[in-house]
Amino acid sequence: MSKVYFSKEISAEKVLQMAELVKNNLNGRIAVKVHSGEAGNQNFLHPQFFKPTIEYFNGTVIECNTAYGGARNTSEKHIKLLKDHGWSEYFNVDLLDHSGPDLQLSIENGWQLDKNYVGKDIVKYDSMLVLSHFKGHPMGGFGGALKQLSIGCASSAGKAYIHSAGKTTDPDKCWALNTPQDDFLEAMADAAGSVVKYFHGNIAYINVMANLSVDCDCCAIAEDPCMKDIGILASDDPVAIDQACVDLIYSSKDPGRDHFVERIETRNGLHTLEAAAKHNVGSRQYELIELQ
């Protein structure tokens, strides 16, 4: 079983301590995947929270443009937002798809995709630290490590390709296709697996269960958190760490737990875990190791 480390303490120092437990996979030039946070969003985790960890690994913060309107769908706007939110103030930042062409990652025997489009600058890096704010999501049900690997690493065209389950790379067309929900979730699993394969497994994952809204950090107008903070998790398995987070939600006695679970279940969010596990992106079986 995969090991997932868990601490109830949530602090910048604890993020670094947890990352050190899974740092064996991190070598060479390290990309650090974060969520820059949509303009207006009140729940995203700010750069100061991750500063000790990113500085320790001498990492470069990476992001990609979105496939919908907002403050991050063009490089010009996204670069400005990265500055406004403080990311480029503290760290070297690389917007992977700031210019084309995208890098195509092949996918063999995918559920929905035969390729994945990611920002071409990903080739600069030897390994990746995925820093995820675990929370709900209006389309995927929840967002954690698997979402960061798939939607997060995809270029703007790649995001459209995932959301349309391989039908189009045009962001203006993908939203009108009414892609079946399970097809979208399986496309996310396909895309996540392609990034894991690209890095030959040299990826480590941190999920922070704080500001637990049912909405994503990509929402300019998001619901406030409905649950109390739970803790920080670390693993070298993206499926295991997301499964552990989901299990912590389901087992919670928090009054807001039912609202969060409803978001997951109405989007069939667990299917992403099922699809990723069946294609060996990771394991849903894990050992939870709680730290003091």
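This is a predicted model: local features need pLDDT of at least 70, side-chain atom pairs count only at pLDDT 80 or more; totals for chains, interfaces and linings use all residues.
Q: Which residues of helix 3 are buried?
A: Start with the general idea. An α-helix has 3.6 residues a turn, so residues three or four places apart point the same way. Now the case here. Helix 3 covers residues 75-84, and S75, H78, L81 and L82 are buried in it. Seen down the helix axis, these buried residues fall within an arc of 125 degrees, so they line one face of helix 3.

Q: What covers the buried residues of helix 3?
A: The cover includes strand 3 (60-63), helix 4 (87-90) and strand 4 (93-95).

Q: At what angle do helix 5 and helix 6 pack?
A: To read a helix pair, take the angle and the distance between axes. Helix 5 (residues 145-152) and helix 6 (residues 156-163) pack at about 115 degrees. Their axes are 9 Å apart.

Q: Which residues of helix 5 and helix 6 meet?
A: From helix 5 come S150, I151 and G152. From helix 6 come K159, I162 and H163. By type, the residues of this contact divide into two nonpolar, three polar and one charged.

Q: How many salt bridges does the structure hold?
A: For a salt bridge, look for a Lys or Arg side-chain nitrogen within 4 Å of an Asp or Glu carboxyl oxygen. The structure holds 14 of them. One of these is between D94 and K124, whose closest N and O atoms are 3.2 Å apart. This pair links distant parts of the chain, 30 residues apart. D94 is in strand 4. K124 is in the loop between strand 6 (115-118) and strand 7 (127-133).

Q: Which other residue forms a salt bridge with K124?
A: D121 does, with the closest N and O atoms 3.5 Å apart. D121 also counts as buried, at 6% relative accessibility.

Q: Where are D215 and R263, which form a salt bridge?
A: D215 is in the loop between strand 10 (203-209) and strand 11 (231-235). R263 is in helix 10 (residues 257-266). They are 48 residues apart, and their pair links distant parts of the chain. The closest N and O atoms of D215 and R263 are 3.0 Å apart. Both residues are buried.

Q: Which residues are linked in a network of salt bridges?
A: K33, E38, E63 and R72 are linked in this way.

Q: How many disulfides does a search of the whole structure find?
A: A disulfide is a covalent bond between the sulfur atoms of two cysteines. The search finds zero. Take C174: the closest cysteine sulfur is in C218, 13 Å away, too far for a bond. C174 is buried, with a relative accessible area of 3%.

Q: Where is E186, and what does it touch?
A: E186 is in helix 8 (residues 181-198). E186 is buried, with a relative accessible area of 12%. Leaving out residues up to four places away in sequence, E186 touches W111, Q112, H271 and A275. E186 and W111 are 75 residues apart along the chain, but their C-alpha atoms are separated by 5.8 Å.

Q: Where is N25, and is it buried or exposed?
A: N25 is in the loop between helix 1 (12-21) and strand 2 (30-33). N25 is buried, at a relative accessible area of 18%. Beyond four places in sequence, N25 touches S127, G201, N202, I203 and D236.

Note on methods
Residues are numbered from 1 along each chain as its sequence is written. Side-chain values use heavy atoms; hydrogens and water are left out. Buried means under 20% relative accessible area, exposed over 50%, partly exposed in between (1.4 Å probe, protein chains only). Helices (H or I, at least four residues) and strands (E, at least two) are DSSP runs, numbered from the N terminus. The arc is that of the directions from the helix axis to the C-beta atoms. Contact means heavy atoms within 4.5 Å. Axes are lines fitted to C-alpha atoms, for helices over the stretch in contact, and angles run from 0 to 180 degrees between N-to-C directions. Ala, Val, Leu, Ile, Met, Phe, Trp, Tyr, Cys and Pro count as nonpolar, Asp, Glu, Lys and Arg as charged, and the others, Gly among them, as polar. A disulfide is a pair of cysteine sulfur atoms within 2.5 Å.
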